[in-house]
Amino acid sequence: MHPRNPYNEPPDFADLARRYPPLRPHVFINHTGSSTINFKSLAAQRRLTEALFHLDYGLSLTLPDDRLYIVKFTCGSDAIRGLDIGTGASAIYPLLACRIEPTWSFVATDIDERSLHVWQADGPILQPLHTSSMDFDFTMCNPPFYSSAEDVSRSAEFKELGPNAVCSGAEVEMITPGGETNFLRAGCRWYTSMLGKMSSIPDLVSLFREHNVDNYAITEFVQGQTRRWAVGWSFQDARLPDTFARISNPTLQNAMPSRNTLHHAFPGARSADILASALRNVLALINGVTVSPSATPATYEHSSAMLVHARHNTWSRAARRGKLPESVCADQESPVLRCSIEFRERSSFNTSSDIPCELVFTWVEGKDRLIFESFTSHVSRKVTSTLREFGDVV
């Protein structure tokens, strides 16, 4: 599970039932002596969802029996605006996001008449979305997973154990022609979608690569025995660190995006402070590069970070020889590269001679991966030379 998941630990069902009486008839003591509910009971699941929303988020839900998990809600400012494609009868993701992040706002869309009717019953909340001038920071989607009823059956057959919870999804929420892969072919800064089948990821990554989309991310969600995956992709320049964009699942390694976080070790450097000093000296000698403090806190206790902006490529061999095209060397409105550099010192074996120092380069913004990689290589070579020149290596 994600470390910030508020339900990493199972809830105390008995306590929930005491605080939310409608849940009481569905709570019982199992063979281990623990309180629980029957997750194959649709009524029990709905009362549990209502209880969690009411007690943890202060939201009162109306959950229609024939749709996947309605309330009136007001989001915060336009600081972050998201678009939920296929929000369903409950708009559960916008609700949670706006409750947890009050400065976020959402546009929630759906084409299912039943879901729209449920919303309209609570007031004229939804209206036709005709404008194309509205900007979004990201989109999200939990699409229909399956291409047909037969696809649903086949998926169930592949599972070693039977379902441990009831599914209340209507056909319009579960099935779409071509399945979830085809659904996502259809155009914000980041697009995201959850996936029900891991086998869909290689197909989507092939589609990304076919259209030269190299800025994408893959992650997975685990809640109890349920596992889901998600993909995100962008046609813009903002890049995600590897901690967000890549997972360690061996089955998906060939589908993972290229690394945006590169580590360069300096095992002979005497300390992270000396390494940082050498780094600053090197950066000061690169034309067109500016340095500012990083807004992101450093990862390790003995480390710090800086943010580097490069207006144009002045460090490559071709640039130094004046062989780059004029259009590449000219000043641009946006930098050709923005990256953070963290200098770390961490003890591996609790002895002074085994304290490796490293620079961690994280690509933050840019179109050309080769520029990022050449910058990290150039800086690392120059830092090594500087350390040797001043005798700051052991």
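Thr 386 counts as buried, at 15% relative accessibility (buried means under 20% relative accessible area, exposed over 50% and partly exposed in between, with a 1.4 Å probe and protein chains only). Thr 386 sits in helix H13, where helices (H or I, at least four residues) and strands (E, at least two) are DSSP runs numbered from the N terminus. This is a predicted model, so to speak: local features need pLDDT of at least 70, side-chain atom pairs count only at pLDDT 80 or more, and totals for chains, interfaces and linings use all residues. Residues are numbered from 1 along each chain as its sequence is written, and side-chain values use heavy atoms, with hydrogens and water left out.

**Around Thr 386**

- Leaving aside residues up to four places away in sequence, Thr 386 touches Ala 278 and Val 282 (contact means heavy atoms within 4.5 Å).
- Thr 386 and Leu 279 are 107 residues apart in sequence, yet their C-alpha atoms are 8.6 Å apart in space.
- Thr 384 is also found in helix H13, but this one counts as partly exposed, at 25% relative accessibility.
- From Thr 384 to Val 282 it's 102 residues in sequence and 10.0 Å in space, C-alpha to C-alpha.

**How H10 and H13 pack**

- Two packed helices are described by the angle between their axes and the distance between the axes.
- For H10 and H13, the angle is about 120 degrees and the axes are 9 Å apart (axes are lines fitted to C-alpha atoms, for helices over the stretch in contact, and angles run from 0 to 180 degrees between N-to-C directions).
- The H10–H13 crossing is right-handed; that's the label if the near helix is turned clockwise from the far one by less than a right angle, and left-handed if anticlockwise.
- On the H10 side the contact is made by Ile 274, Leu 275, Ala 278, Leu 279, Val 282 and Leu 283.
- H13 brings Phe 375, Val 379, Lys 382, Val 383, Thr 386 and Leu 387 to that contact.
- Sorted by type, the residues of this contact are 10 nonpolar, 1 polar and 1 charged (Ala, Val, Leu, Ile, Met, Phe, Trp, Tyr, Cys and Pro count as nonpolar, Asp, Glu, Lys and Arg as charged, and the others, Gly among them, as polar).

**The nonpolar cores**

- The largest nonpolar core has 30 residues, and those with the most contacts inside it are Leu 337, Ile 341, Phe 375 and Val 383 (a nonpolar core is a set of buried Ala, Val, Leu, Ile, Met, Phe, Trp, Tyr and Cys residues joined through side-chain atoms within 4.5 Å).
- At least two residues of this core come from each of strand E9 (261-266), helix H10 (272-284), strand E11 (303-310), strand E12 (337-345), strand E13 (357-365) and helix H13 (369-389).
- Not counting residues up to four places away in sequence, Leu 337 touches Val 308, His 309, Ala 310, Trp 315, Trp 363, Glu 365, Ile 371, Phe 372 and Phe 375.
- Another core, of 16 residues, lies apart from the largest one; Tyr 191, Ile 201, Ile 247 and Leu 252 are among its members.

**The six-stranded sheet**

- Strands of a sheet pair through backbone hydrogen bonds, either parallel or antiparallel.
- Here, 6 strands make an open sheet in the order E4-E3-E5-E6-E8-E7, with mixed pairing (two strands pair if DSSP finds at least two bridges between them).
- Strand E4 (104-109) and strand E7 (216-223) are the edge strands, each pairing on one side only.
- On average, neighbouring strands of this sheet are turned by 20 degrees against each other, direction ignored.
- E7 pairs with strand E8 (residues 226-233) in the antiparallel sense over 8 bridges, with Glu 220 opposite Trp 229 and Gln 223 opposite Thr 226.
- E7 and E8 form a hairpin with 2 residues between them, and Gly 224 in the turn has a positive phi of about 65 degrees.
- E6 and E8 are also antiparallel, over 5 bridges, and Ser 193 stands opposite Val 231 in E8.

**Helices on the sheet**

- Helix H3 (residues 92-100) lies across strand E3 (80-85), E4, strand E5 (138-141) and strand E6 (190-195), running at about 175 degrees to E4.
- Helix H8 (residues 200-210) packs on the sheet too, touching E6, E7 and E8, with its direction at about 165 degrees to that of E7.

**Two Asn residues in the H8–E7 loop**

- Asn 212 is in the loop between H8 and E7 and is exposed, with a relative accessible area of 70%.
- Although Asn 212 is not a glycine, it has a positive phi of about 60 degrees.
- Asn 215 is in the loop between H8 and E7 as well, but counts as buried at 3% relative accessibility.
- Among the residues Asn 215 touches, not counting those up to four places away in sequence, are Trp 190, Trp 233, Asp 237 and Arg 239.
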